[in-house]
Structure formats: C-alpha cells, structure tokens
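This briefing concerns a predicted model.

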Amino acid sequence: MEQRITLLARTRENVQVYFYRTQDAEIRRMLPSANNTVEEALAAYERASLPGADSFGRCIYAEGHYIGDIWCYGIDRGGTLNAMLSYCIFEKEYWKRGVATAAVTLFLEQIKKRFGLRSVGAFTYADNEGSVRVLEKNDFVCKERFEEDGRDSVYYEKEL
C-alpha cells in the first residue's frame, strides 16, 4: 500500500507521545532506550534542540498521522562527517508496509544536505528482521556481527 510519508519537526508533545508509545514490550525488546522516564526523554530533547547539538530528529507521519520518530546521533562535524541512525515506528499497523524504509530514505537526504555527512551507521539486533530489511533496502552494508548484552547484533553502514 502506497503511503504519503512526511518528516516533521519534533515537539515536546511528540516526545511525550513517543516515550509512552514505545513502552510496549515488543518495541522495547527491539529498541533499547537510554531514557527511563518521560522527564529524561524531555531533557534529551532539550539538549538536542541546542545549537551545535550532536543529534537531530524528526517525527514520521503517514497520511498525516504521527506514527514514529527517526533521528541521528553522534554527529561528527569534524573530518569524518558521519553519524549514527535510529528509527522506530510505534504504530504497529504500519509495520511491514514500507513506511520505515521510505522514512529512512527521506531522512538520509535531509541529514546529508543539512550536515554534509559522508556516511551513516546503524546498529540493530540481528533478529530484528524488519530493521535489517529497512537498512538493506536503503543500501546499508553489514560491516560487523557481534554479541551485545547477550544478543546477536549487527552494525550497518552507508556511504552518502
């Protein structure tokens, strides 16, 4: 099913919705979070809003409905011009519909233009087949397989 995907600026309200929607056990199993409380999530959002922040994010909308977030972090504006990518569709009815793939494509275009990045990396659990598919459909290449916190994990990278 073809969906109209847009990426819009994040707000404090989005951060709160995202935090609560990603407390779902299935999502938490595939997407670990550094934020254990909504207050921590809001503080991270505030830090990312500061000039020179090393992270940047957008909200993912499908047909006008807020369904997830996409962001890059660890932005290196020095010699390597790279960053790490993460994304989550919290509205499960949009899983396996190509939404995350389209959002990653759009976001990569935005961050390349905005930050002049040369490459982007992404970590995922090896058993997160959906995320692996999204990365591979966006021409990311698997660079490393390893175990982290007792789980098989993979590192992907894409030259921009």
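Leu-7 is part of strand β1, which covers residues 5-9, and with a relative accessibility of 11% it counts as buried. Although 52 residues separate Leu-7 from Cys-59 in sequence, their C-alpha atoms are 5.4 Å apart in space.

**Surroundings of Leu-7**
- Beyond its neighbours within four places in sequence, Leu-7 is in contact with several residues, including Arg-58, Cys-59, Ile-60 and Ile-70, as well as Ala-103, Leu-106, Phe-107 and Gln-110.

**Cysteines**
- A search of the whole structure finds zero disulfides; for Cys-59, the closest cysteine sulfur is that of Cys-88, and because the two sulfurs are 12 Å apart, they are too far from each other for a bond.
- Cys-72 is likewise in no disulfide, the nearest cysteine sulfur being that of Cys-59 at 14 Å.
- Cys-59 is buried at 0% relative accessibility, and Cys-72 is also buried, with a relative accessible area of 0%.

**Aromatic rings**
- The whole structure holds nine aromatic pairs, among them the tilted pair of Tyr-61 and Tyr-66, with 5.5 Å from centre to centre and 35 degrees between the planes; both of these tyrosines are buried.
- Phe-123 and Tyr-155 also form a tilted pair, with ring centres 4.9 Å apart and planes at 45 degrees; because Phe-123 lies in strand β5 and Tyr-155 in strand β7, the pair ties together parts 32 residues apart in sequence.
- Phe-123 is partly exposed at 45% relative accessibility, whereas Tyr-155 is buried at 14%.
- One aromatic cluster is formed by Tyr-18, Tyr-61, Tyr-66, Trp-71 and Phe-90.

**Arginines over rings**
- Arg-97 lies over the face of Tyr-94, at 5.4 Å from the ring centre, and Arg-151 lies over the face of Tyr-125, at 3.6 Å from the ring centre.

Key
Residues numbered from 1 in each chain as written. Predicted model: local features only at pLDDT ≥ 70, side-chain atom pairs only at ≥ 80, totals over all residues. Heavy atoms only, no water. Disulfide = S-S within 2.5 Å. Buried < 20%, exposed > 50% of the residue type's maximum accessible area, 1.4 Å probe, protein only. Helix = DSSP H or I, 4+ residues; strand = E, 2+ residues; numbered from the N terminus. Contact = heavy atoms within 4.5 Å. Phe/Tyr/Trp six-rings, centres within 6.5 Å; stacked < 30°, edge-to-face > 60°. Lys NZ or Arg CZ within 6 Å of the ring centre and 35° of its normal.
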